[in-house]
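Good morning, and thank you for the time. Please look at the sequence and the model together while I speak.

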Amino acid sequence: MTAVPIRTRRKFLKDLGYISVGFTLLGACSGVEEPVMAARMDYNGKLPGSMGRAKTVNAWLQILEDGSIRVLSGKVELGQGIRTAIQQVAAEELDMDLERVQVHLAETGVTPNEGYTGASASIQNSAMSVRYAAATARQELLTLASKKLNTVVDDLLLYNGIVKSKKSKESLTFAEILEGVQIETEVILPVHIKDYREYRYVGKAIPRTDISDMVRGKAVYIQDLRFPGMLHARVVRPPGYTSQLISLDETGLKTEVSGIIKTVIKGSFVGVITEREYQAVKAEQFLRNHSIWTVPVPFPKSENLYAHIKLIASPPETVKNEGDVAAVFEGAEIFKATYTKPYIKHASMGPACGIAMFDGAILYVWSHSQGIYPMREALATMLSMDADNIHITAVPGAGCFGHSTADDAAADAALLALEHPNTHVRVQWSRQDEHLWDPYGPAMITELEASLDKNNKINSWKTEVWTDSHSTRPNKDAGTVLAARYLENPYQMNSRGYLGGGHRNADPYYSIPNMTVNAHYYDGPFRTSSLRSLGSFANIFAMESFMDVLAEKAGQDPLEFRINHLEDERAISVIQKVQALTSEQNTEDGEGIGFAFMRYKNTDAYIAVAAKVAVDKNNGEAGLIRMWAAVDVGEVINMDGLTNQIEGGMIQSASWTLKEQVTFNTTEITSTDWMKYPILKFSEVPEVEVAIINRPTEDAKGAGEVPVPPTAAAIANAIYNACGKRIYDLPITPEKILNA
Amino acid sequence: MPTYHLNVNGSQKKVETEADTPMLYVLRDYLELNGPKFGCGIAQCGSCNILINGRATNSCILPISSIGDAEITTLEGLTTNKGKLNAVQQAFVDEQAAQCGYCLNGMVMTAVGLLSTNPNPNETEIKTALQANLCRCGTHTRIIQAIKTAVKSL
């Protein structure tokens, strides 16, 4: 952040004659003491990408009649706590009580179009846009009030929805200042923002208010929405991706299941609308058992998956080439290793849900989609409707960790609602469909080669990565939503190639003079899309496993070896922090500690992770004892929200690393439920400790995806240190440890 | 369609539905309660847990015809009439023991069931009780901490 204080804190404090930490609202309320205005500074850096499409203050915040603030964000709450983070920055800039700031999340025509809620980008885009809009609003309110109160801006105090003259004691509420008009001023640099040293909300562990609603069973999720006369529906999915409907027993359905309102058949898209939800469950089961479909195209043999990927891959593209790798490898000892990662599911706890209602002109849709504006484009194409006639409201869903099935459920609901107008139709997906039709995080192969110079520093490095697309998120290509592929005139999705980061973090952040990264794209047998951290998970698992291999070859401590290849002080700091966190740890026989480092996308947050495991040599079981992380995301907005994201991400990653893979045979996907796709359970979850390095003068970066990639490598390295077995192929199962 | 008289959260409810309708759908769809969540419908995840005579039970595979006059308690029923939270609910708020919170119902109901028979469980007993409850966000450590906090407050 390029922030130049226009007025130093010392000067500011001298002016006021006494020292105050931040802004004391209590004094303001009691009337005993004048509130102290926090010092401000000029922000002259870059405005967030989200502001490109929404430049004015009123696109981001509105001042309500009662003087409270409504913030508009194009992002969606999915358990990451973004609502609270946004509330914090707005309240901070406007010196408001938190409860007087409400946050309105994504709704078409209401909130800015911020694309997708993903890529750990909500803090740097949405929250920062709100910060600059709120700071601009504050300036505008002061300027307008100075005119109305006939005084200078320096005579004014702005706090909690009022502006007051110090001299005359006259005050105006925000509503009185604006007289029903919103602030249409464009946000331009420099923005006069609050000095971070005066923050009272930002950087603090402000509790989320939605947890209080959750424990009371209030309507929090899309699954909880109820509209008068709402009907229920389920969709009968084909037995395989390419199956087509031949016939269906509709007559039998009506005699077997009560409450049938309508069966909708459009090509191979089959939906059934019922009065009650459980009737829809039974109707879907009946139709699945009483329908005939064509046999789908077979899958490759599971055991041949990685060979198959190499067989079908396109010729590689060189995505990075520095120095002369081949020349250095010539005659040198080259170390090589191949790492593989299977298809992994999003596996949300709450199967997808979508609600839609068509009133004859406008189609209303409620969805837990991560991108309601881009999804609207897909729906408009699929339904041959004008996007302006589709109104989408985002409603929180269960954590989805990337592009999962929310958009598909919304598309299902939209198709069914058009067939049964003027009624809300709620589509609920089954657990099995959620497990089968989820666009998985793609299987990947990462092959690494490196050589060491005479000082045991890496002098040459090559990455070859095989990846399917990591983004099939909705856009105007209707084939991005599942139902569109099964209509009478089906929309096939256009291949997206590399889009979405298969080679993300495939180039080491370490200082290596000669480096090549080649990416091989394949269009694989399964539906895939963005899963938390995209290609970084496989690439960092590979790279950080390999760094331990190289450190051993170099005869160096793995953390010292990494530090020897880093120049960035922030990178070194997180490694040293995790080193300190684990310095008192002793390991018994069969136990090991492993480490890993990453700078996410090589441009964002820094993290070092440690894992301590115990490996049972008799059965190969690796038990997690404890995990640690040291994290630097730059400026911290919500300390507890950040900690929660890191803790959860490490545990989820441990689950992927030790347990998870999509299983299949040549005819079908076989991991259809939680028994066949197990995830980490309470008995397997270790203690987790997170240390945050807060750097308020650095840009705030997102954290959601950050802990996931290095955790896998830290666990693999810990297992190696515990039992001498190095596992290259995820998940690291007891069987692989025994047979290694 | 048969009619059932249920004892839900301390009051009598009349529901007319098919005998095989699982309690999850009765509670959510007929009685408009949000606490129990649909997570799998096959008793594998615990999101739908309710208390049947104080015992945490999967409601998604429990037909209404099997209930009789059993006392049913949902998440909503843990709160007093004046809105005071149960100790476990309060501890989940205090420890911020949620990310998406979709599994929270099952965690709270299971914990309440556990504490009613074992008011002072150790960590292993807490983990054992929660073994059939899945969480995808990785909030496990906070959930365990919340239950420990609730134990202390009892």
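Predicted model: local features only at pLDDT ≥ 70, side-chain atom pairs only at ≥ 80, totals over all residues.

**A walk through the two chains**

I begin in a loop: A:Pro731 sits between helix H19 (708-723) and helix H20 (734-739) of chain A. The peptide bond between A:Leu730 and A:Pro731 is cis, with omega about -5 degrees.

Residues are numbered from 1 along each chain as its sequence is written, and chains are lettered from A and ligands numbered from 1 in the order in which they are written.

The term pLDDT is the predictor's confidence in each residue, from 0 to 100. Chain A has a mean of 93, and 95% of its residues reach 70 or more. Residues 1-32 of chain A, however, have a pLDDT below 50, and this stretch makes 51 contacts in the model beyond near neighbours in sequence. By contact I mean that the C-beta atoms of two residues, placed from the backbone, lie within 7 Å.

Most residues other than glycine have a negative phi, and most peptide bonds are trans. A:Pro190 belongs to the loop between helix H6 (174-178) and strand S9 (191-194) of chain A.

For A:Asn150 the value is near 55 degrees, and for A:Ala347 it is about 50 degrees. A:Asn150 is in the loop between helix H5 (122-148) and strand S6 (156-159) of chain A; A:Ala347 is in the loop between strand S16 (335-341) and strand S17 (353-358) of chain A.

Is A:Ala347 buried or exposed? A residue is buried if 20 or more other C-beta atoms lie within 10 Å of its own, exposed if 12 or fewer, and partly exposed in between, with the C-beta atoms placed from the backbone. A:Ala347 has 26 such neighbours inside 10 Å and therefore counts as buried. A:Asn150 has 10 other C-beta atoms within 10 Å, so it is exposed.

Domain bounds come from an automatic or database domain assignment. In chain A the assignment gives domain 1 (3-212), domain 2 (223-295 + 348-437) and domain 3 (444-739). Taken over C-alpha atoms, the centres of domain 2 and domain 3 of chain A are 35 Å apart. Contact between these two domains involves 27 residues of domain 2 of chain A and 27 residues of domain 3 of chain A. On the domain 2 side, helix H12 (372-383), helix H13 (406-419) and helix H14 (431-437) of chain A each supply at least two residues. H12(A) gives the most to that side, with six residues.

A:Gly555 follows H15(A) with a positive phi near 70 degrees.

A nonpolar core is a set of buried Ala, Val, Leu, Ile, Met, Phe, Trp, Tyr and Cys residues joined through C-beta atoms within 7 Å. The largest core has 274 residues, and A:Val609 and A:Ile719 have the most contacts inside it.

**Chain B and the interface**

Two strands pair if DSSP finds at least two bridges between them. In chain B, strand S1 (residues 3-8) and strand S2 (residues 11-16) run antiparallel and are joined by six bridges. B:His5 has B:Lys14 in S2(B) as its bridge partner. The two strands form a hairpin with two residues between them, and B:Asn9 in the turn has a positive phi of about 50 degrees.

Finally, how many residues of chain A are in contact with chain B? There are 49, in contact with 46 residues of chain B. H7, helix H9 (277-289), helix H18 (639-659) and strand S27 (687-692) of chain A each supply at least two residues of the chain A side. H18(A) gives the largest share of that side, eight residues.

Definitions and conventions:
Helix = DSSP H or I, 4+ residues; strand = E, 2+ residues; numbered from the N terminus.
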